Amino acid sequence: MRRRPGIAGLQNAAATRDKFRLVGANVAKVRTDVMQEQLATFRSQLDEFARKHKSDIRKNSVFGQQFHEMCAKVGVDPLSSNKGVWAELLGIGDFYYELGVQIVDICIATRSHNGGLIDLIELRKLLCQKRKTDLGSLSSDDCLRAISKLKVLGSRFEVISVGKKKLVQSVPTELNKDHNGILELAQAKGYVTVEQVEKEFLWSTGRAIDALETLLKEGLAMIDDGHRDGKRRHWFPCVTLRSDASSFEAKS
C-alpha cells in the first residue's frame, strides 16, 4: 500500500513552489526593468532624432506621418501639449492648433452649402488654398490629426466613412444606414432620384422619400426640379468636389 506524503513532505513541496514563484517574479521584474530602460533610451534617441530632422518632420508630410507612427509605438504623443518638449522642438503644437482653427473656419463658412458635411479631400484642398500652399505640404493625415485635437475643446467634429469617402461632420446630425446608403449612391453623379434609390436598395417609395426628406431637412441635400423628364434630383454638395476658393469666405 502506497504511503501518503507526510506533513514534512507537503511543507517541502510548498516551499519549493514558493521558491519557483519568487524566481519567476524576479525574472519578470528584471525583464520589465530592462524593457523600461530600453524604452527610456529609445525615447532619448527619439528626442535627438527629432532635433536633427526637425525641418523634414515639419515640411515633409509623409516623413512627418512616419515619425508620428514611430512615436505612437513607444507611447509618445507629440500633439498632447503645446507646452511640451515636442511642441518646443518641432512647433507642431502650434501647427495643429492653427490647422484646427482653419478647419473650423472652413466648415462654418461652407455649412450653408453642404449642411455641415464636407468631403475630407475637399477640405484638404480648401485648406491648401487658404494657406496658400500646395497639396504636397498638407496630408489627409494632418487634417485627421487636427480634427481629433478639436475634440479636446468639446467640439462635435467627427469623421465618418461613407463608401470610399471620408466626410467631416461639423453638425450633430444623426445619420443611419439609410442615409449613409444614399450618400454613397450619390457619389457617382452627385445626385440621386427617388426612383434610383428605390431600384438600388429595393425600398418602397415611402422609405426612399422619408430618408431623402430627412437629409433635405438637415441641409445636406438640395432639390433640382428643372429637368425634362420631370424627375426631381436631390443633389449632395458634400460628395461633390468643388475646391473653389471663391465659393466660401474664410479669411486667411
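Q: Phe-201: buried, exposed or partly exposed?
A: In this predicted model, Phe-201 is partly exposed, because its relative accessible area is 27%, which lies between the 20% limit for buried and the 50% limit for exposed.

Q: And Trp-203, what is its relative accessible area?
A: The value for Trp-203 is 13%, so Trp-203 is buried.

Q: How are the rings of Phe-201 and Trp-203 arranged as an aromatic pair?
A: The search of the whole structure gives three aromatic pairs. Phe-201 and Trp-203 form one that is stacked, with 4.7 Å from centre to centre and 25° between the planes.

Q: What about Phe-95 and Tyr-96, which geometry do they have?
A: Their ring centres are 4.8 Å apart and their planes stand at 85°, so Phe-95 and Tyr-96 make an edge-to-face pair. An angle over 60 degrees is what places a pair in that class.

Q: Are those two residues buried or exposed?
A: Phe-95 and Tyr-96 are both buried.

Q: Back to Phe-201. Which residues does helix H9 span, and how does it cross H10?
A: Helix H9 covers residues 194–201 and helix H10 covers residues 205–217. Their axes come within 9 Å and cross at roughly 120°. H9 is therefore oblique to H10.

Q: Left-handed or right-handed crossing?
A: The crossing of H9 with H10 is right-handed.

Q: Which residues meet there?
A: From H9, the residues are Val-194, Val-197 and Glu-198. On the H10 side they meet Thr-205, Ala-208, Ile-209 and Leu-212.

Q: New topic: where is Cys-238?
A: Cys-238 sits in the segment after strand S6, which spans 233–235.

Q: Buried or exposed?
A: Cys-238 is buried, because its relative accessibility is 2% and the limit is under 20%.

Q: What is Cys-238 in contact with, leaving aside neighbours within four places in sequence?
A: The contacts of Cys-238 beyond those neighbours are Asn-114, Leu-117, Ile-118, Asp-119, Leu-167 and Leu-183.

Q: How are Cys-238 and Leu-183 separated, along the chain and between C-alpha atoms?
A: Cys-238 and Leu-183 are 55 residues apart along the chain, and 8.7 Å separates their C-alpha atoms.

Q: For the whole protein, what part of the contacts with a separation of 6 or more joins residues 24 or more positions apart?
A: Such pairs account for 57% of those contacts.

Q: And how many helices and strands are there?
A: The protein has 10 helices and six strands.

Definitions and conventions: Residues are numbered from 1 along each chain as its sequence is written. This is a predicted model: local features need pLDDT of at least 70, side-chain atom pairs count only at pLDDT 80 or more; totals for chains, interfaces and linings use all residues. Side-chain values use heavy atoms; hydrogens and water are left out. Helices (H or I, at least four residues) and strands (E, at least two) are DSSP runs, numbered from the N terminus. Contact means heavy atoms within 4.5 Å. Buried means under 20% relative accessible area, exposed over 50%, partly exposed in between (1.4 Å probe, protein chains only). Rings of Phe, Tyr and Trp (its six-membered ring) pair if their centres lie within 6.5 Å; planes under 30 degrees apart count as stacked, over 60 as edge-to-face and the rest as tilted. Axes are lines fitted to C-alpha atoms, for helices over the stretch in contact, and angles run from 0 to 180 degrees between N-to-C directions. Angles under 35 degrees count as roughly parallel, over 145 as roughly antiparallel, 65 to 115 as roughly perpendicular and the rest as oblique. A crossing is left-handed if the near helix is turned anticlockwise from the far one by less than a right angle, and right-handed if clockwise.
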